[in-house]
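This report looks at one residue and its surroundings, then at a pair of helices. Please keep the sequence and the structure in view while reading.

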Amino acid sequence: MITFNDIFKSKFLENVTSVSVLDMLLAMILAFAIGMFIFYVYKKTFSGVMYSSGFGVTLVALTMITTLVILAVTSNVVLSLGMVGALSIVRFRTAIKEPLDIAFLFWSIAVGIVLAAGLIPLAVIGSILIGVFLLIFVNRKSYLNPYIVVINCTDHESEQRATEFLRGQVNRLVVKSKTVSKGSIELNAEIRMKDDNTDFINTLADMEGIRNAVLVSYNGDYMG
């Protein structure tokens, strides 16, 4: 019976599969093309506070690097074992601020693995479907999403007028915090708007006793 040690003692390791230049070029070109598509979708669906073009470029590079690594792993048994040991000690400390960024990172890695495995139709069709899904659903803006209104008032009477005005303009208002100091009252309230019209903030800011009014969405989009 042939054991695992017998296999490694034989010439098995010498019969490694080499990747042809044509296959390598095709995989890397497709990885670049699909990586650029992922970059485009990321740019169109970004909903954070500050857009980082560096992260988008990282998505393209990650797709190509993953393809390169998997091509090397599938062509050499010894190298694949070394890769497992080397990559197991890699630790990434960069914090992911946007939950959707995790999906883009996994998308880039998955495309690189699938392309290197030779499943080109799966990589292309799957990426198109994922991209269309993200473009449709991530870009949908709903006025039912919660918003925070920050109001800076001069006294208690102006605070009451502001809250009464807001209750008539929105479907729901819940006070989250209130900061009081001499000559100033800051009120933070969660609201659910009736529609996507934000003109009531302009009217609120023009009311007597209101220094300023800010409308902020929960997901990091700033409106005003």
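## Gln169 and its contacts

In this predicted model, Gln169 touches Lys194 and Phe200, leaving aside residues up to four places away in sequence. Gln169 lies in helix α7, which covers residues 156–169.

Is Gln169 buried, exposed or partly exposed? Its relative accessible area is 34%. Gln169 therefore counts as partly exposed, since that class lies between 20% and 50%. Asp195 is 26 residues from Gln169 along the chain, and the C-alpha atoms of the two are separated by 9.7 Å.

## Helix α5

Helix α5 runs over residues 99–116. At 1.5 Å a residue, its 18 residues should span 26 Å, and the end C-alpha atoms are 27 Å apart, which agrees.

Several residues of α5 are buried, among them Asp101, Ser108, Gly112 and Ala116. After α5 comes Gly118, with a positive phi near 90°.

## How α5 packs against α6

Helix α6 covers residues 120–137. The axes of α5 and α6 are 9 Å apart, and the packing angle is about 165°. Angles over 145 degrees count as roughly antiparallel, so this description applies to α5 and α6. Their crossing is left-handed.

Which residues of α5 meet α6? They are Leu100, Phe104, Trp107, Val111, Val114 and Leu115. On the α6 side, the residues include Ile120, Leu122, Ala123, Ser127 and Gly131. By class, this contact has 11 nonpolar, 2 polar and no charged residues. Phe104, Trp107, Val111, Val114 and Leu115 of α5 are also buried.

Note on methods:
Residues are numbered from 1 along each chain as its sequence is written. This is a predicted model: local features need pLDDT of at least 70, side-chain atom pairs count only at pLDDT 80 or more; totals for chains, interfaces and linings use all residues. Side-chain values use heavy atoms; hydrogens and water are left out. Helices (H or I, at least four residues) and strands (E, at least two) are DSSP runs, numbered from the N terminus. Buried means under 20% relative accessible area, exposed over 50%, partly exposed in between (1.4 Å probe, protein chains only). Contact means heavy atoms within 4.5 Å. Axes are lines fitted to C-alpha atoms, for helices over the stretch in contact, and angles run from 0 to 180 degrees between N-to-C directions. Angles under 35 degrees count as roughly parallel, over 145 as roughly antiparallel, 65 to 115 as roughly perpendicular and the rest as oblique. A crossing is left-handed if the near helix is turned anticlockwise from the far one by less than a right angle, and right-handed if clockwise. Ala, Val, Leu, Ile, Met, Phe, Trp, Tyr, Cys and Pro count as nonpolar, Asp, Glu, Lys and Arg as charged, and the others, Gly among them, as polar. The expected span of a helix is 1.5 Å times one less than its number of residues.
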